[in-house]
Amino acid sequence: MNIPVIIIGGGPAGAATALQLRSRGYECLILEASATPVRKPGETIPPQSWHLFKKSGLETLLHHPSHLTCYGNRFIWGDEHPVDKSFFANTVARGWHLCRDIFEEQLSAEVTRRGAQYLPGCTVTAANFNNGQWHVTYIATNKAIQTITCKFIVDATGRKARVARKLGIQRNSLDRLAGITTCITLPGSIQQFTYLEAVQTGWWYAAPLTEKQLVLSFMTDTDLLPATLRSSKDLLQSAATTTMISELITGNAATDTPLTIASAATGYLQQRSGHQWLAVGDAAYSYDPISSYGITSALESGYYAGHAIADHLNGDNDALRAYDWAISTAFSTYLKMLTGQYLQERRWQDAPFWSRRN
């Protein structure tokens, strides 16, 4: 089997790449390791993301009832008093709290609808380039070992950047941020805001998943993780010591969701593209969740990657360099914004978490 482009990883970045390739008339195949969408704690996307969804032809996905409206941010950051930042004054007067498993189901269905192949439950074991093409070996859902060939390969494997690392490309991390996360069932509904609260050892994030379900995360550096945080119950107890977040979980808040710990570090591949390959989404550049840029960056880099690959296959020798310039410029802009965000918090300048960022 030979196909022009194989995308390894079927998350938002891989799906966005496939959608743009199809818009340019190129066949492509996504190999996704998970057999079904893995439930993730969700993500809030800001109002300005609407324009990216629209130009990608994905704006109708946000109409699904599982994606809640986000009316703004409520935060304690740089000051001990809560502050509201409403979205009503924006050109697009709302953001969205995405239900991630539903969103990824929507993306895979849209990829298939537009004519790309999407194969879930496929584990890639090797990707080698010889005789002018890639040879990709994977284990299919029926445990059979398959090998297919293509002209171009896309690494959409997230922060692990499995393809690029197998090619010997080093990945650098600029910090050690990690998120400790659980989901909470509340006795009543809460306002549909994104909640952020800075504390001496990091910061808290909370956002509604459903009318009565909340995602709760504590963000800190891996070497600063409290030894006492071993369960979701421990996370709830720690959150109870905060000022604003504690008010969200008062009453009979409960959780039966296991505690998860995942990297949230800012990082990048030293090389984002090469001979007949490129990296997209978190595989190329990963963002601190304080930026609310995770999904947006994945979709945006996928948008530009799809067009760059099509141009490259059409003979444009500068297309991949232009792609790298675009995503690298966006990352440089983000770094300045990130520095400015953390500099707003000056109450604990000598504490390890904040001194590393100030």
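1. Helix H7 (residues 294–313) and helix H8 (residues 319–343) pack with their axes 8 Å apart and at an angle of about 165 degrees, where axes are lines fitted to C-alpha atoms over the stretch in contact and angles run from 0 to 180 degrees between N-to-C directions. H7 and H8 are therefore roughly antiparallel to each other, a label given to angles over 145 degrees. Helices here are DSSP runs of H or I with at least four residues, and strands are runs of E with at least two, numbered from the N terminus.

2. This is a predicted model, in which local features need pLDDT of at least 70 and side-chain atom pairs count only at pLDDT 80 or more, while totals for chains, interfaces and linings use all residues. Residues are numbered from 1 along each chain as its sequence is written, and side-chain values use heavy atoms, with hydrogens and water left out.

3. Ser301, Tyr304, Ala305, Ala308, Asp311 and His312 in H7 meet Ala319, Leu320, Tyr323 and Ile327 in H8, contact meaning heavy atoms within 4.5 Å.

4. Asp221, in strand S16 (residues 213–221), is buried, with a relative accessible area of 2%, the cut-off for buried being under 20% with a 1.4 Å probe and protein chains only. Beyond its neighbours within four places in sequence, Asp221 is in contact with Arg176, Leu177, Phe353, Arg356 and Arg357.

5. Thr194, in strand S14 (residues 194–199), also counts as buried, at 4% relative accessibility. Leaving out residues up to four places away in sequence, the residues that Thr194 touches include Thr44, Cys70 and His97.

How values were computed. Buried means under 20% relative accessible area, exposed over 50%, partly exposed in between (1.4 Å probe, protein chains only). Angles under 35 degrees count as roughly parallel, over 145 as roughly antiparallel, 65 to 115 as roughly perpendicular and the rest as oblique.
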